[in-house]
Amino acid sequence: MSRRLSRRARLTLYGVLLVLCVPFVFPTWWMVTSSLKPVSDIFAFPPKLVPTSVSLDAYQRVFEVQPFERQYLNSLYIALVVTAGTLAVSALAGYAFARIRFRGQNLLFLVVLVGLLIPSEVTIVPLFQMFLKLDLVDTHWPLILVPILGAPSVLATFIMRQFFISLPNELEEAARVDGLGRFATFYRIALPLARPALGAVAIFTFLHSWNLYLEPIVYLSTPEKFTLPQALTQFVDAYGGPMWNVQLAAASLTAIPVLLVFVIAQKQFVEGLAHTGLKG
Amino acid sequence: MSQTEEAAGRGANRPAGGAGGPAPVPVDGSGGSARRPFWTSRRRDQLTGYVFIAPQLFGSAVFVLLPLALVVWYSLHEWNVLAGTFDYVGAENYRALAEDPTLPSVLRATALFSVGLVLCNLSLALLLAVLLNQRLRGTVVFRTLFFSPVVVSLVAWTIVWGFLLQDNGGINGLLDTIGVDGPNWLRGEATAMVSVVVVQVFKNVGLNMVLFLAALQGVPAELYEAAEVDGASRARQFWRITVPLISPTILLTSIITVVGSLQVFAQIAVLTQGGPGTSTTVLVYYLYQQAFQFHHFGYGATLSVLLFVIVLALTVLQWQMRRRWVFHES
């Protein structure tokens with residue numbers, strides 16, 4: 001719809017868009033500014049949209065109340081390992097399902113696709129029992145193995161397959177004529193072409209792992225092993241009430257780095273998703 | 001050892017996929033004999049295929065299919081973790097499910113949440129996409145802002161909203177300055193449900209917006225020009241051209257959103273803990289309570305089966321609808 005708009009229509013549109021922005025932007029603004037306010041100002045009336053005095057106490061408390069740097073590291077390394085693992089598993093499987101002919105291919109693909117129909121909440125009870133038997137409860141293994149190999153990676157495999165199917169046959173035939181084997185064709189020809197799809201899969205795998213909440217609270221019980229989402233809910237005072245400023249400071253520390261990366265690479269985020277992620 | 005056998009032996013020792021260096025194709029091309037070696041290039045290729053899918057297949061078997069079978073198996077047992085007993089009880093858990101006095105309220109909350117979320121999310125996403133699809137400077141900035149909550153950690157987002165929705169929090173503070181006495185959002189049954197829906201809508205509506213935007217950009221401009229010539233109003237153009245042409249995307253986003261809405265957990269756990277009463281206890285939260293707070297694993301498994309059946313039924317239903325009203329499938 002690329003019709004030129006009149007000046008008045010343009011101004012109205014800007015006005016509407018600005019108003020619509022409020023519920024998307026204000027919470028983040030409120031989170032960061034409130035975390036910088038002295039405790040006495042947090043529930044001040046009328047609300048202080050811009051802090052009048054700045055205090056970093058809350059940020060100091062974040063690290064005193066919990067082993068927060070440890071928890072930060074846990075979330076980060078788990079998300080990175082899960083992302084790398086998912087990329088490897090899904091690129092290999094997606095490529096094979098798209099471009100190699102082998103017996104039982106369609107049946108095996110259907111078997112794998114079952115994972116798309118099963119929300120991870122459905123299998124959390126038996127998975128917990130399995131990891132309990134393996135003595136892996138209260139370790140990070142369930143948070144790493146299940147996303148890489150289980151239902152969450154099936155979506156990634158599906159996306160990769162859709163991408164590899166769209167590659168022209170001639171590319172691979174040329175590679176074969178040049179004497180490249182299957183793995184070399186995959187690794188040197190197909191994989192570099194799949195960069196946009198890999199990017200989309202990487203972004204969403206990382207965010208999925210970074211946001212995981214049910215799984216950590218089911219599997220983990222030692223504060224040193226907690227991940228960020230779980231840790232954020234633990235900033236409570238002696239009476240069980242939330243320590244708002246500390247909690248908001250921790251939430252800001254969790255959200256801001258990812259937001260910065262997003263703002264820098266927003267094109268890849270948004271267009272990667274729209275064009276390679278979920279089309280087809 | 002004949003020449004052919006030797007070639008076959010070499011072929012078998014070659015790493016699957018032939019990663020090391022150029023492999024002559026076909027591998028047995030030099031052999032003068034009529035007997036073909038076992039490891040033809042086709043066979044090796046098949047093997048490579050199996051090797052490539054092995055991790056995913058193994059994962060699906062162990063972390064998807066096995067737990068799915070186990071969850072059904074568990075649901076047929078009475079499982080007392082403290083006493084260490086695990087007894088077959090047949091359909092007992094399912095009878096308990098049918099008679100559970102809390103279940104109707106749980107299903108009602110789940111349905112309310114899902115319907116509210118899907119309607120608000122899809123209509124807001126479509127509205128935003130249409131607004132951003134106008135010829136206007138700076139739409140990328142707005143697109144970035146609308147999308148930004150998607151990358152904010154879910155629990156962080158929920159905590160801020162929880163803070164804003166306190167009785168003496170930011171929202172009521174702002175309402176107060178214009179003379180409106182806001183309710184205690186998270187403590188009233190209706191307002192608590194509205195709150196969790198709203199928090200979730202603003203968190204993820206950017207995803208659907210982006211998908212809609214891509215679909216809108218695929219609608220040929222000539223169609224609108226032709227409609228304009230015919231004197232069709234904007235609203236008519238929207239309903240008669242835009243909506244039918246992007247209907248495949250509407251279907252896709254609605255499936256994703258419906259299934260996602262049934263999985264809501266963190267928001268409930270952080271904002272309301274299922275309350276007040278059981279007014280926001282959705283199915284997944286109830287499942288979590290039964291299995292991991294009350295250690296009723298057998299009953300938790302039964303609720304998991306129920307969740308699976310609901311997700312499956314809704315997905316099948318939506319795919320069926322595709323035939324009815326989705327415009328074209330290419």
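Of the 330 residues in chain B, 39% are buried, meaning that 20 or more other C-beta atoms, placed from the backbone, lie within 10 Å of the residue's own. Do keep in mind that this is a predicted model, in which local features need pLDDT of at least 70 and side-chain atom pairs count only at pLDDT 80 or more, while totals for chains, interfaces and linings use all residues. Residues are numbered from 1 along each chain as its sequence is written, and chains are lettered from A in the order in which they are written.

**Chain B overall**
- Chain B has 14 helices and 2 strands; these are DSSP runs, numbered from the N terminus, of at least four residues (H or I) for helices and at least two (E) for strands.
- Among contacts in chain B with a separation of 6 or more, 70% link residues 24 or more positions apart; a contact puts two C-beta atoms, placed from the backbone, within 7 Å.

**Helix H2 of chain B**
- H2(B) bends by about 50° at B:Ala54, with a proline, B:Pro55, following within four residues; the bend is the angle between axes fitted to the seven residues ending there and the seven starting there.

**The hairpin**
- Strands E1 (residues 77-80) and E2 (residues 85-88) of chain B run antiparallel, joined by 4 bridges; strands pair if DSSP finds at least two bridges between them.
- B:Glu78 has B:Asp87 in E2(B) as its bridge partner.
- Between the strands lie 4 residues, and B:Gly84 in this hairpin takes a positive phi near 70°.

**Where the chains meet**
- In chain A, 85 residues are in contact with 88 residues of chain B.
- Helix H1 (residues 7-35) of chain A gives the largest share of chain A's side, 14 residues.

Conventions. A residue is buried if 20 or more other C-beta atoms lie within 10 Å of its own, exposed if 12 or fewer, and partly exposed in between; C-beta atoms are placed from the backbone.
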